[in-house]
Amino acid sequence: MADLWQDAMDHAVTAARGAGRQVVREALREDRKVMTKSSSVDLVTQTDQKVEQLIIQSVKEKYPTHRFIGEESVAAGEPCVLSDEPTWIIDPIDGTTNFVHGFPFVAVSVGFSVNRQIEFGVVYSCLEDKMFTARRGRGSFCNGQPLQVSAQTDVGQSVIATEFGSNRDPEVVDGIFSSLRNVLAIPVHGVRSAGTAAINMCLVASGCVEAYYEMGMHVWDLAAASLLVTEAGGVLMDVEGGPFDLMSRRVIAANNRSIGQRIAREIRAYAPVRDDAPAHTQ
Ligand SMILES: O=P(O)(O)OC[C@@]1(O)O[C@H](CO)[C@@H](O)[C@@H]1O
Ligand SMILES: [Mg+2]
Ligand SMILES: [Mg+2]
């Protein structure tokens with residue numbers, strides 16, 4: 001049976017690699033004009049905006065009826081609505097802070113949803129030149145090599161990834177460190193932060209870390225990489241152990257359910273304002 005979305009996935013790979021190689025890596029050599037969004041530590045650059053416009057424009061020419069959720073379009077006031085319609089969910093640079101500082105984990109993330117189900121995910125790690133791809137039901141790959149999550153079942157022999165986010169509200173920061181302390185004291189072998197949710201989840205899919213958890217990131221950080229995890233044999237869940245909700249801004253991505261549930265027990269959960277909350281509540 002012909003694969004309806006293979007062409008679209010091929011387009012996403014070409015667009016992500018092209019943007020990553022030509023725009024992002026070029027921009028790293030120039031002085032980057034840094035702007036801020038929700039706080040003084042929530043950064044955006046003209047490169048983020050340029051990459052998103054390039055990808056969206058190229059998709060619109062091929063698929064004029066498709067919808068978009070783009071990080072920088074939403075920041076500019078576009079609605080963040082996930083419907084049944086074919087929708088491209090784009091983070092033009094995941095790891096903008098890394099990009100600004102030259103820390104070598106910067107990703108272009110393109111997810112594609114139909115009927116609210118991710119059909120393919122593409123994450124291009126620009127400085128590593130690693131193209132992570134997954135098509136629903138057909139596995140996860142990095143530069144064409146199949147990915148498999150870690151086989152580890154003992155959380156005491158695991159490495160866990162998480163992030164500190166850009167929310168500096170004292171209550172939220174206390175929760176982040178309380179969760180971090182609890183996870184570390186399980187004990188686990190280590191905790192790591194790539195500085196980008198998409199690459200953290202690619203590390204889960206690659207078997208390099210057993211789980212990643214975070215509260216506060218957005219649908220565009222997660223959409224593509226969520227499929228990379230599940231197609232590599234991993235699981236997704238909410239930080240309180242319930243079902244994963246792509247718009248909730250909360251995730252545990254794990255190599256198996258038992259490690260994911262064990263991590264959930266240690267997280268001091270809070271509920272960020274949802275990505276699909278009415279605009280006036282954001
Ligand atoms: O704004 P960006 O760079 O697209 O994404 C922000 C981000 O890198 O920050 C968090 C780490 O603090 C991650 O969860 C998320 O991927
Ligand atoms: Mg991001
Ligand atoms: Mg971004």
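Biologist: Into which domains is the chain divided?

Modeller: There are two: domain 1 (5-146) and domain 2 (155-265). Their bounds come from an automatic or database domain assignment. Keep in mind that this is a predicted model: local features need pLDDT of at least 70, side-chain atom pairs count only at pLDDT 80 or more, and totals for chains, interfaces and linings use all residues. Residues are numbered from 1 along each chain as its sequence is written, while chains are lettered from A and ligands numbered from 1 in the order in which they are written.

Now the meeting place. The C-alpha centres of domain 1 and domain 2 lie 20 Å apart. Domain 1 puts 35 residues into the contact, and domain 2 puts in 24 residues. Contact here means C-beta atoms, placed from the backbone, within 7 Å.

Look at the domain 1 side. Strand 3, strand 4, helix 4 (96-101), strand 5, strand 6, strand 7 and strand 8 each give two or more residues to the side that touches domain 2. Strand 6 makes the largest contribution, 6 residues. By class, this side has 17 nonpolar, 13 polar and 5 charged residues. Helices (H or I, at least four residues) and strands (E, at least two) are DSSP runs, numbered from the N terminus. Ala, Val, Leu, Ile, Met, Phe, Trp, Tyr, Cys and Pro count as nonpolar; Asp, Glu, Lys and Arg are charged; the others, Gly among them, are polar.

Next, the sheet behind those names. Seven strands form an open sheet of mixed pairing, in the order 3-4-5-6-7-8-9. Strand 3 (67-70) and strand 9 (145-146) are its edges; each has a single partner strand, so one side of each lacks a neighbour in the sheet. Two strands pair if DSSP finds at least two bridges between them. Strand 5 (residues 107-114) and strand 6 (residues 117-125) run antiparallel, joined by 8 bridges. Within strand 6, Phe-120 faces Phe-112.

Two helices pack on this sheet. Helix 6 (residues 197-205) touches strand 4, strand 5, strand 6, strand 7 (130-135) and strand 8 (140-142). Helix 7 (residues 219-231) touches strand 3, strand 4, strand 5, strand 6, strand 7 and strand 8.

Strand 10 (residues 159-162) pairs in the parallel sense with strand 11 (residues 190-192), over 3 bridges. There, Ile-160 stands opposite Val-191. Strand 10 also pairs in the parallel sense with strand 12 (residues 211-215), again over 3 bridges. Thr-162 has Tyr-213 of strand 12 as its bridge partner.

Terms used: Axes fitted to C-alpha atoms, helices over the stretch in contact; angles between N-to-C directions.
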